[in-house]
Structures are given as structure tokens and as C-alpha cells.
Amino acid sequence: EAEQRQADTESRLKEIAHTTADVLWMFSGDWDELLFVNPAYEHLYGSSIEALKANPQNFVESVHPEDREAVETAMEALSNGSPVDMEYRIGSGETCDRWVWVQSEPITEDGEVVRIVGFTRDITDRRRRERQLAVMDNLLRHNLRNELNVIISAVDTIERETDADDIAKQTRVIRKIGSELVETAEKQRDII
């Protein structure tokens, strides 16, 4: 019965590992040996599992050159017993179009790191949306700032003017620009 439960558990874990889009992985504590990686690795990193087995630090070559030092520092921290939660880019130059999120934990026995386990998730779509939202936010703030300057200028003119016709003209400008600002804010909210 115990053997059957163990076989069932292993079978379920294999099913999970083979159906998730996340890369599940396990390395030795010194990164010299790949102990486990699921097939999602090949899709995300664009390299074979066999190549990773032959050279366990092979995945570092897939990391964007500007992010490699941070990844290597994180690997060292894991080997020293600290967990890591980080994001970095995969690829180089023009092909750097993917972002990943990595969470990993060192496994210790008798105070020594013996294994490092973790997962890697493709977060490219999330990063792209964040950039788009930042652009929208900058555009809205720019437009609001310009439109509010028109309103403030109209109010300044009203304060200086005593002519009723000019006051009516300036209040129409304030009303028009204010209404446009409300529409702009509502459109951006709908888009976001």
C-alpha cells in the first residue's frame, strides 16, 4: 500500500510538472548538477534539457547580458542559504522580448544547502501591460496638466477683468475645458 501511494504521488507530481507552463526546477546546492527540470524549460528558454543537463549553468547564457550579474548574484545568495524572488529578461539585443519571474528556495540539511528548488514564470504579458499603462498615465498627466493650465489662465483673467462679457467668455472656456478633462479621465479609466 505504501509503495502504491508513493507511485500515485509520483505520478501526480509528474502530471503537474508536465502540464504547467511554469518551469519547475531543482539544482544541487552548488549549481553543478541539474536534479530536475520540466519540459516547459525548453519552450521558455529556447534551449534543450539535454544541454542544461550537460552544463547546469547553461540557462545563464539565455539571460539578457544586462541582467546576468543580478542572476549570478541571486544564484550565489541561494547557495548561501537565502531565498530569491526576482524578475529578469531572457534573450539578448533585439531578441530580448521575454521577462520571467523566479521564486526559489534553498533546501538545507544540517545547515548546509544541498538543493535549490524553484519555478520560473513567463511574465512578458504583464510587463507589456505595465509599460502600456505607464504610457497612458504619462499621456493623461500631460494632457491634464496642459488643460488645467488653460483653466488656471482663464481664472487669472477673470480675476483681473471686470468686464462682464469677458467674464462670461472665460467661464465658457473653463466649463468647456473642464468637461473635456472629465471625458478624458473617463476614457482612460475605460481603456485601463
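This is a predicted model: local features need pLDDT of at least 70, side-chain atom pairs count only at pLDDT 80 or more; totals for chains, interfaces and linings use all residues.

Author: Let's begin with strand β1, residues 23-28, which is joined to β2 by three bridges, the two running antiparallel.

As a general point, strands of a sheet pair through backbone hydrogen bonds, either parallel or antiparallel. Here the pairing is antiparallel, in an open sheet of five strands, and if you walk across it the order is β2-β1-β5-β4-β3. That puts β2 (34-37) and β3 (84-90) at the edges; each has a single partner strand, so one side of each is left without a neighbour in the sheet. From one strand to the next, the twist averages 20 degrees.

Now look for what sits against the sheet. Helix α4, residues 68-79, lies across β3, β4 (98-109) and β5 (112-122), and its direction makes an angle of about 150 degrees with β3.

Next, the packing. The largest nonpolar core has 27 residues, and Tyr45, Phe59 and Tyr88 are the ones with the most contacts inside it. The elements giving two or more residues to this core include the strands β1, β2, β3, β4 and β5, along with the helices α2 (40-45), α3 (49-54) and α4.

The protein chain has six helices and five strands, and along the sequence they follow the pattern α-β-β-α-α-α-β-β-β-α-α. Among its contacts with a separation of 6 or more, 44% are between residues 24 or more positions apart.

As for the overall outline, the C-alpha trace spans about 95 × 40 × 35 Å along its principal axes. The radius of gyration is 28 Å, whereas a compact globule of 192 residues would have one near 16 Å. Of those 192 residues, 30% count as buried. The protein chain exposes about 12,700 Å², with carbon and sulfur atoms supplying 49% of that area.

Methods
Residues are numbered from 1 along each chain as its sequence is written. Side-chain values use heavy atoms; hydrogens and water are left out. Two strands pair if DSSP finds at least two bridges between them. Helices (H or I, at least four residues) and strands (E, at least two) are DSSP runs, numbered from the N terminus. Axes are lines fitted to C-alpha atoms, for helices over the stretch in contact, and angles run from 0 to 180 degrees between N-to-C directions. Contact means heavy atoms within 4.5 Å. The radius of gyration is taken over C-alpha atoms; the globule rule is 2.2 Å times the number of residues to the power 0.38. Buried means under 20% relative accessible area, exposed over 50%, partly exposed in between (1.4 Å probe, protein chains only). Accessible areas come from the Shrake-Rupley method with a 1.4 Å probe; for residues, only the protein chains shown count as cover. A nonpolar core is a set of buried Ala, Val, Leu, Ile, Met, Phe, Trp, Tyr and Cys residues joined through side-chain atoms within 4.5 Å.
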